[in-house]
Amino acid sequence: MNSYVRAANKPVPDAHPDRLRALGLLRGLAPRSSDHCRLLELGCGEGIQLLALGLALPESSFVGIDLDAQAIARGKELADELGVKNVTLQARDVRDLAASEGPFDYVIGHGLYSWVGDDVRTTLLDACRSLLAEQGLGFLSFNTLPGGYHRQMARELLQLNVGDVAAPLERIARARAVATDFTRALSDKDPPQSALRNELLHVLRASDSLIALEYLGPESTAFSLRDFDARLSRHGLRYLADAATFDLSPAAPRWLAERLGPGAAPIDEQQHLDYLTLRRFRQAVFCRADASPTGVAFERAGELAVFASVAPVTKPSAGAMKFRTLAGLELEVTNETLKLALSELGGRWPCGVRLAELARLVSMRTSTEVAPPELARLLFVNGLGRSVFASAESPRCTREPGAKPLATPLARLQARLGEPVTNQHHVHVDVEPAFNRHLLSLLDGTLDRAGLSSRMGDAIEQGTVAIAGVDPSARAQLRQQIAREMDACLAKLARFGLIVA
Ligand SMILES: C[S@@+](CC[C@H](N)C(=O)[O-])C[C@H]1O[C@@H](n2cnc3c(N)ncnc32)[C@H](O)[C@@H]1O
């Protein structure tokens, strides 16, 4: 069996420098603009995040380091194929980083902190402190307690059953088999049993790379937010926010806020909420301790770009209006300003709009003036923070593909290789069926719709692109249908944030 399990190599949308910068700007910091920045990724795997950034931000420079020489070699091949010159990938240990290699405006590490030994963790935080620019921002994801206690049960059970197996894929297969047997036997009615059962259901839904890392790997340690915060402080760093959400709601229910008292530190409130939600994962954004961030300054929100992948489920009406996000999250909104703002954002997705401009548009449609900070509060202090997000800049994408549609070289290459495709929000999209994937691979800005239809027709006729349920002898007749449906196919790719012009 193959002895190598590739890491997920997914880009991390929340670690995009524009997203991090938005969080920093809102807290009174002045992180450098992404279009002229230096960014370091620790444990970058194949460096997909960096390649996407390198292509989009040619004046910036990106460095990725990873112990895994095979992953770095593959990343370099991709970089060569894409002609990316501003990304440097190095096979080395984070413990060998020297302060003289900085400063970096952004230092990010995803899938690293919880999954290495304590000595690496310590050097990671030292490196972040010594390499971050004065107004720089760091990002580290980690497994969190108390949710991590549940994961630990599953980890111990699976490790008990794969102990004598060496081949990675066989270990994963055995872990899945154990998880299957135990989920059948454990009751979902008995609360303690259902805790382990749910965790094993996570295992059954997980990819090979996640099982190898999280459940079968040598290290997986969860930390409470308070502990992580204290570690940052010991290393001259300061916790700012979680990157996964722009939800700035005073999220504690009233009884908890009363219990904690008026002067409670935000970190304590967050820690208690982690117990209420049995939180298992965090993406911490931090800065240097001497950078002096402020509390959230909504006055600065007007300059941010905002996005929401919402589509209305119900017609605009005086009562509650429902929206659904691309990820399937349903939102019920009664506030009139919010209804207008979400309708506007949904109509623009995957593009966004500056919040100041959104406030102007909403004000035009209501009889009252809505100031940007007020709109920011409505959007981000209403539990909508998972569905609406802000970024310092808009990614380059369009809802309306031009006469000769263009996708990024990375997306085209990934489509050709049959891999998940990185969209302009740095989300991995599974572009299926094969027809759409092949079409995406052709979008190099040289073909108009007639040319694209002709090339797709050829590919189908030659059998390069298989269409399920279509008899090979009927392939030629598909040409007219392809031409008719080309606009709809391009619109779909555009809605997924895959078309840039
Ligand atoms: C879970 S993978 C994450 C890869 C990538 N960030 C992603 O999200 O797909 C963790 C990566 O950290 C790397 N790593 C672990 N310890 C390291 C160290 N001491 N120095 C450099 N890289 C390390 C591993 O080789 C692995 O590629």
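This section describes the ligand site, selected strands and helices, and several individual residues of a predicted model.

Residues are numbered from 1 along each chain as its sequence is written, and side-chain values use heavy atoms, with hydrogens and water left out. Because the model is predicted, local features need pLDDT of at least 70 and side-chain atom pairs count only at pLDDT 80 or more, whereas totals for chains, interfaces and linings use all residues.

A polar side-chain atom of D93 lies 3.1 Å from a nitrogen atom of the ligand. Taken alone, the ligand exposes 590 Å², of which the protein buries 85%; accessible areas come from the Shrake-Rupley method with a 1.4 Å probe, and for residues only the protein chains shown count as cover.

Secondary structure was assigned from DSSP runs, with helices (H or I) of at least four residues and strands (E) of at least two, numbered from the N terminus. Two strands are said to pair if DSSP finds at least two bridges between them. Strand β1 (residues 38-42) is joined to strand β2 (residues 61-66) by 5 bridges, and the two run parallel. Within this pair, E41 has G64 of β2 as its bridge partner. In β1, 4 of the 5 residues are buried, where buried means under 20% relative accessible area, exposed over 50%, and partly exposed in between (1.4 Å probe, protein chains only). A further open sheet is formed by 3 strands in the order β9-β10-β11, with antiparallel pairing. Its edge strands, β9 (311-312) and β11 (330-333), each pair on one side only. Strand β9 pairs with β10 (residues 321-324) over 2 bridges in the antiparallel sense, and A311 has R324 of β10 as its bridge partner.

Two helices contribute buried residues. In α8 (residues 208-215), S209, I211, E214 and Y215 are buried, and their cover includes β5, α5, α6 (168-185) and α7 (191-205); contact here means heavy atoms within 4.5 Å. In α14 (residues 372-380), the buried residues are L375, A376, L378, L379 and F380. These pack against β8 (305-308), α12 (336-348), α13 (355-365) and β13.

Buried positions also occur in loops. L145 is placed between β5 (132-143) and α5 (147-162) and counts as buried because its relative accessibility is 16%. Leaving aside residues up to four places away in sequence, L145 touches A222, F223, S224, Q271, D274 and R279. L145 and L443 are 298 residues apart in sequence and 45 Å apart in space, C-alpha to C-alpha. T398 belongs to the loop between β13 (388-391) and α15 (409-417), and its relative accessibility of 16% likewise places T398 in the buried class. A polar atom of the T398 side chain lies 3.0 Å from the backbone nitrogen of E400. Beyond residues up to four places away in sequence, T398 touches P350, C351, A494, I499, V500 and A501.

P350, one of these partners of T398, is joined to W349 by a cis peptide bond with omega of about 10 degrees, and is placed in the loop between α12 and β12 (353-354). Another cis peptide bond joins G102 and P103, with omega of about -5 degrees; P103 is in the loop between β3 (87-91) and β4 (104-109).

Positive phi values occur in residues other than glycine. L278 has a phi of about 50 degrees and is placed in the loop between α11 (266-277) and β7 (281-288); its relative accessible area of 42% makes L278 partly exposed. Phi of S292 is near 55 degrees. S292 is found in the loop between β7 and β8 and is exposed, with a relative accessible area of 52%.

Technical notes. Polar contact = N/O pair within 3.5 Å; in protein donor to acceptor, adjacent residues only side chain to side chain.
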